[in-house]
Amino acid sequence: QFQSLLRGVALGLLVVSSISFFFKELEFGRVVVLACAGFNLVFQGASRVLFHRIQERLRLSGEHDVSALIVGTGITAIRLLQKLQDHPETGYEVVGFLDDDYQPGCKDVANRPVLGTVESLRAVALEQGVSEVFIADPSLGHTQMLLLVLDCEDLGITFRVVTNLFEVLTAGTPVDLVDDLPVVRLGREQVPRSYAPLKRAFDIAGALAGIVLTAPLVSWCALRTIRTSSGPAFFAQERSGQNGRKFQMYKFRTMYDDVDRYAVAPRDSSDDRITPYGRWLRGTSIDELPQLWNVLKGITGLWQILGRKDLPMHENLQYDFYYIRNRSLSLDLSILLRTVDLSILLRTVGAVLSRRGAF
């Protein structure tokens, strides 16, 4: 969404500049144009956030959920169900599964009933009032899948195929047509040569600006970390960077000092290894602020801001695959702005200035 807004504002600036150039009587002041672009970005962004929140609340209420049916009962199908349950804002209510090994009276799968065989999709969909069908069975043959597609189209049901190739097929992979046959083109995307130096300049400038702006907050958090539990303010781990180069990665320490720094990370806030103040730091993501220093040493990431902390690392790596295939300066800027919630940051700065809770 943010990238779309940036492109729209940039296009608007280009159009206004062109009009001003060709029609002298319509010349606009630079301050007016830039101010309008800024307000455009702010108000459009705010309106999208507002409507997104309203839509999310409606979906969380469950009143507008779409009835969905999952074909398959294997790992892929169960993982899909878990994803839909973890994100109720997507607005799906899974009524059950279909499986070729179905037997009357068979047990439920992940607390959802197996409603019939794959061939009974039409009857089950009509009976359950299904609006969407997810195919999550990699063993289905092309002929069987085609018949399912025809059944769904005949009933006006949306048909979706869940693939295990998330890292490739959801990463902006181009699709060509040979006559009417879709062909997926795989392989590395060509990144402009100017991207690497521009990105490095962007990283350095953004990190330095962030370090300067957040210096009071970082100092205050470091002091509170030291005073609320024994040990250093910062937590360091050796990580592998570009080309395998080792470097020290820094964050605020949120766990007790005697905890093994390479142990499995906490999966929820109730982990007794987390200090009381560290729980607040992790909840607000302020423990990530020292990452600005890490950026100067050459890191960036998408899953750190979008990934779930209770997911295994290999699932979060999917976001890295996405980043590699879609890297751009606008995406980097989106990541930077998502690193810390602005509203939380502003409230925290206010607490620092008023010295509430300081001791």
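Helix 7 and helix 8 are roughly antiparallel to each other in this predicted model. Their axes cross at roughly 150° and come within 9 Å.

**Helix 7 and helix 8**

- Helix 7 spans residues 195-228, and helix 8 spans residues 276-284.
- On the helix 7 side, the meeting residues are Trp220, Cys221, Arg224, Thr225 and Thr228.
- Helix 8 meets them with Tyr277, Trp280 and Leu281.
- The contact of helix 7 with helix 8 is made up, by class, of five nonpolar residues, two polar and one charged.

**Helix 1 and helix 2**

- Helix 1 (residues 2-22) packs against helix 2 (residues 30-61) with 10 Å between the axes and an angle of about 150°.
- Angles over 145 degrees count as roughly antiparallel, so helix 1 is roughly antiparallel to helix 2.
- The crossing of helix 1 past helix 2 is right-handed.
- Helix 1 makes the contact through Ser4, Leu5, Leu6, Val9, Leu13 and Val16.
- Helix 2 contributes Val33, Ala37, Asn40, Leu41, Gln44, Gly45 and Arg48 to that contact.
- Sorted by class, the contact of helix 1 with helix 2 holds eight nonpolar, four polar and one charged residues.

**Helix 4 and helix 5**

- The axes of helix 4 (residues 121-128) and helix 5 (residues 142-155) lie 10 Å apart, at an angle of about 30°.
- Angles under 35 degrees count as roughly parallel, so helix 4 is roughly parallel to helix 5.
- Helix 4 and helix 5 cross in the right-handed sense.
- Leu121, Arg122, Ala125 and Leu126 form the helix 4 side of the contact.
- The helix 5 side consists of Leu148, Asp151, Cys152, Asp154 and Leu155.
- Six nonpolar and three charged residues make up the contact of helix 4 with helix 5, with no polar ones.

- Strand 2 (residues 92-98) runs parallel to strand 3 and is joined to it by two bridges.
- Leu98 has Gly116 of strand 3 as its bridge partner.

**Strand 4 to strand 5**

- Four bridges pair strand 4 (residues 132-135) with strand 5 (residues 158-161) in the parallel sense.
- Val133 is bridged to Phe159 in strand 5.
- The β-α-β crossover from strand 4 to strand 5 passes through helix 5 and is right-handed.

- Strand 8 (residues 234-240) and strand 9 (residues 246-252) run antiparallel and are joined by seven bridges.
- Met249 in strand 9 stands opposite Gln237.
- Five residues lie between the strands of this hairpin, and Asn243 takes a positive phi near 60°.

Conventions:
Residues are numbered from 1 along each chain as its sequence is written. This is a predicted model: local features need pLDDT of at least 70, side-chain atom pairs count only at pLDDT 80 or more; totals for chains, interfaces and linings use all residues. Side-chain values use heavy atoms; hydrogens and water are left out. Axes are lines fitted to C-alpha atoms, for helices over the stretch in contact, and angles run from 0 to 180 degrees between N-to-C directions. Angles under 35 degrees count as roughly parallel, over 145 as roughly antiparallel, 65 to 115 as roughly perpendicular and the rest as oblique. A crossing is left-handed if the near helix is turned anticlockwise from the far one by less than a right angle, and right-handed if clockwise. Contact means heavy atoms within 4.5 Å. Ala, Val, Leu, Ile, Met, Phe, Trp, Tyr, Cys and Pro count as nonpolar, Asp, Glu, Lys and Arg as charged, and the others, Gly among them, as polar. Two strands pair if DSSP finds at least two bridges between them. A crossover is right-handed if, with the strands pointing away from the viewer, the path from the first strand over the helix to the second runs clockwise.
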